[in-house]
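Trainee: I would like to go through this model with you. Could we begin once it is on the screen?

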Amino acid sequence: MKALGSSKAVFPVPSANGDTASCSLKRMTKERAVGKRDALEPVFPVQLAPEDVLIERFRALVVDAALSLLNEDLALTEKFTSSLKDGLDLRETIRHWHTGELYVKTYPPNRGSLDSVVMLFDSPADPRDYPWRTTWHAEHEEESTLCFYASSFEKDLVGPGIGRARYGGAWFLYPPVPISDIWQDPKFDFTETLEERLLAAACHYSREKHVVLLSNGSPGAAYRRLAKHYGKKWLHIPLSKFSQSMVEALRTVHVLNGKQVRSYAANFIRKRNVVLSCLVQAKNS
């Protein structure tokens, strides 16, 4: 079995009687590999459409959490006079408790925006565990430009023509912008790990001062130097902030051997309701 980057790839397809047939896939051109998620030719693998929606909703949830963190950093504190403004500043009020004065917060009119989100689900990542590395352009304005490294979907079949992979890390750029394939772009060859390549690309293409980083640990000295190189700062959101079951479901991506497989894929993939329930709970918490 050869990888998709070689001259031909083989996608094993279990038949109804339990035997396994092989479906040869033509070599993916660079345009196709970096192209839209929803491949047009039935011989090319495509992603399960509902998973696009779920991961984008999660990205928006992470951005909301990061904006709240950013707004706290931008908040100004002043003595209470006649209005609570944007809320009581408990820290400053307690600090000046002996004076009997109250302090309130004031947020600037422009609370900032965030366009670049990096999610590191497995770090440090072993490159041997994540051979599938690609860049996907958005198919419509509601999708992000997505770059990721993941396990091989060819080695984990869950149904006829249905492969399963797991994201090790992913970077979302929203609103979407056409970019070159970061895994082939020489401008990022100075990086040494899969994570660093994602982070470097996130900083390079972001138009904002802050870049969101969702990970288990806070960014270390190496990551901070990388951000400083591009004139950026990390807004770190702990992965533990979100339900582990939701995260595990979201980092799983299913790849279908053609759009026709979508007609029965739901019979083999049941996770949408679980993820949606967790997303609603996280948004309301």
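Trainee: Which residues of strand 13 lie on one side and which on the other, and are they buried or exposed?
Mentor: T252, H254 and L256 lie on one side, V253 and V255 on the other, and all are buried. Buried means under 20% relative accessible area, exposed over 50%, and partly exposed in between, with a 1.4 Å probe and protein chains only. Helices (H or I, at least four residues) and strands (E, at least two) are DSSP runs, numbered from the N terminus.

Trainee: Why do the residues fall on two sides?
Mentor: In a regular strand the side chains alternate between the two faces of the sheet.

Trainee: Before we continue, what kind of model is this?
Mentor: This is a predicted model, in which local features need pLDDT of at least 70 and side-chain atom pairs count only at pLDDT 80 or more, while totals for chains, interfaces and linings use all residues. Residues are numbered from 1 along each chain as its sequence is written, and side-chain values use heavy atoms, with hydrogens and water left out.

Trainee: Why is strand 13 described as largely enclosed?
Mentor: Five of its five residues, 252-256, are buried, so strand 13 is largely enclosed by the rest of the structure.

Trainee: How does strand 10 run relative to strand 13, and how many bridges join them?
Mentor: The two strands run antiparallel and are joined by five bridges. Strands count as paired if DSSP finds at least two bridges between them. Within this pairing, R166 has T252 as its bridge partner in strand 13.

Trainee: Which residue forms a salt bridge with R166?
Mentor: E248 does, with the closest N and O atoms 3.1 Å apart. The pair links distant parts of the chain, since E248 is in helix 6 (residues 244-250) and R166 in strand 10 (residues 162-173), 82 residues apart. A salt bridge here is a side-chain nitrogen of Lys or Arg within 4 Å of a carboxyl oxygen of Asp or Glu.

Trainee: What other salt bridge does E248 form?
Mentor: E248 also forms one with R251, at 3.9 Å between the closest N and O atoms.

Trainee: Changing topic, where is R59, and is it buried or exposed?
Mentor: R59 lies in helix 2 (residues 49-74) and is buried, with a relative accessible area of 10%.

Trainee: What does the side chain of R59 make a polar contact with?
Mentor: The partner is the side chain of S144, at 3.2 Å. A polar contact is a pair of N or O atoms within 3.5 Å; within protein, one must be able to donate a hydrogen and the other to accept it, and residues adjacent in sequence count only if both atoms are side-chain atoms.

Trainee: Lastly, where does P175 lie?
Mentor: P175 lies in the loop between strand 10 and helix 4 (194-205). P175 is exposed, with a relative accessible area of 54%.
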